[in-house]
Amino acid sequence: MREPDSLSGRHRFFADVMLGSLARWLRILGYDTCYDNRMDDEELISRCCADNRIALTRDRRLARRRALKRSLFITSDNLGDQLREVLRFTGDGVDERLVLTRCLECNSSLQPVAKREVRDLVPPYVYRTQPRFQRCPECRRLYWAGTHRERMMERIDRLLNSDPETFST
Ligand SMILES: [Zn+2]
């Protein structure tokens, strides 16, 4: 069943405790993905239902719980395979415009911030060389693109086109 998020037109997820790396990479790709490593099954089910999120889980029993309206059972332990499983499910390709639009730590949508406002908050070299900055409205973390973005795109490419290989964030 496909029911996209009304804002981005994309699916929203809640990753279970075993899928922290997958959650992080889905955020990198711009998917609204909740993750909380202290959350138990019952809480996860109620959050998914209340928030219209698809539960991503390595637990087949949880995926089959009737209270959970929508879920995707992730079969692989390999991060690249897991990411491919999700993209196959959504039918989406990687949309470069959405890459790095969410906070990797807390999942909030990043907001542009004027360069002069970050002068004292980033290393001088970064300030001199980067034209654009974004800030997380929740945790206040700053993001800038530059080579970071290019490297990220290369990693996404490797991750999605690789044989089983261990990636970490
Ligand atoms: Zn944040």
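Q: Before we start, what counts as a helix or a strand here?
A: Helices are DSSP runs of H or I with at least four residues, strands are DSSP runs of E with at least two, and both are numbered from the N terminus. Please keep in mind that this is a predicted model.

Q: What share of the residues is buried?
A: Of the 169 residues in the protein, 26% are buried. As for contacts between residues at least 6 apart in sequence, 55% of them join residues at least 24 apart.

Q: Switching to sheets, which strands form the open one, and in what order?
A: Three strands form that open sheet, in the order β5-β6-β7, and their pairing is antiparallel.

Q: Which of them stand at the edges, and why is one side of each left without a neighbour?
A: The edge strands are β5 (111–113) and β7 (142–144), and because each has a single partner strand, one side of each has no neighbour in the sheet. On average, and ignoring direction, neighbouring strands of this sheet are turned by 40 degrees against each other.

Q: Over how many bridges do β6 and β7 pair?
A: Strand β6, which covers residues 133–135, pairs with β7 in the antiparallel sense over three bridges. Within this part of the sheet, Q134 stands opposite Y143 in β7.

Q: What holds strands together in general?
A: Strands of a sheet pair through backbone hydrogen bonds, and the pairing can be either parallel or antiparallel.

Q: New topic: where is M152?
A: M152 is located in helix α6, which spans residues 146–161.

Q: Why does M152 count as partly exposed?
A: M152 has 17 C-beta neighbours inside 10 Å, and a residue is called buried at 20 or more and exposed at 12 or fewer, so a count in between means partly exposed.

Q: What is M152 in contact with, leaving aside its neighbours within four places in sequence?
A: With those set aside, M152 is in contact with I28, V99 and L100. Along the chain, I28 is 124 residues apart from M152, while their C-alpha atoms are separated by 8.4 Å.

Q: And T101, where is its place?
A: T101 lies in the loop between α4 (79–90) and β5, and with 18 C-beta neighbours inside 10 Å it counts as partly exposed.

Q: Which residues is T101 in contact with, beyond four places in sequence?
A: Leaving those close neighbours in sequence aside, T101 is in contact with G30, S109 and L110. The C-alpha atoms of T101 and Y31 are separated by 9.0 Å, although the two residues are 70 residues apart along the chain.

Key: Residues numbered from 1 in each chain as written. Predicted model: local features only at pLDDT ≥ 70, side-chain atom pairs only at ≥ 80, totals over all residues. Contact = placed C-beta atoms within 7 Å. Pairing = 2+ DSSP bridges. Axes fitted to C-alpha atoms, helices over the stretch in contact; angles between N-to-C directions.
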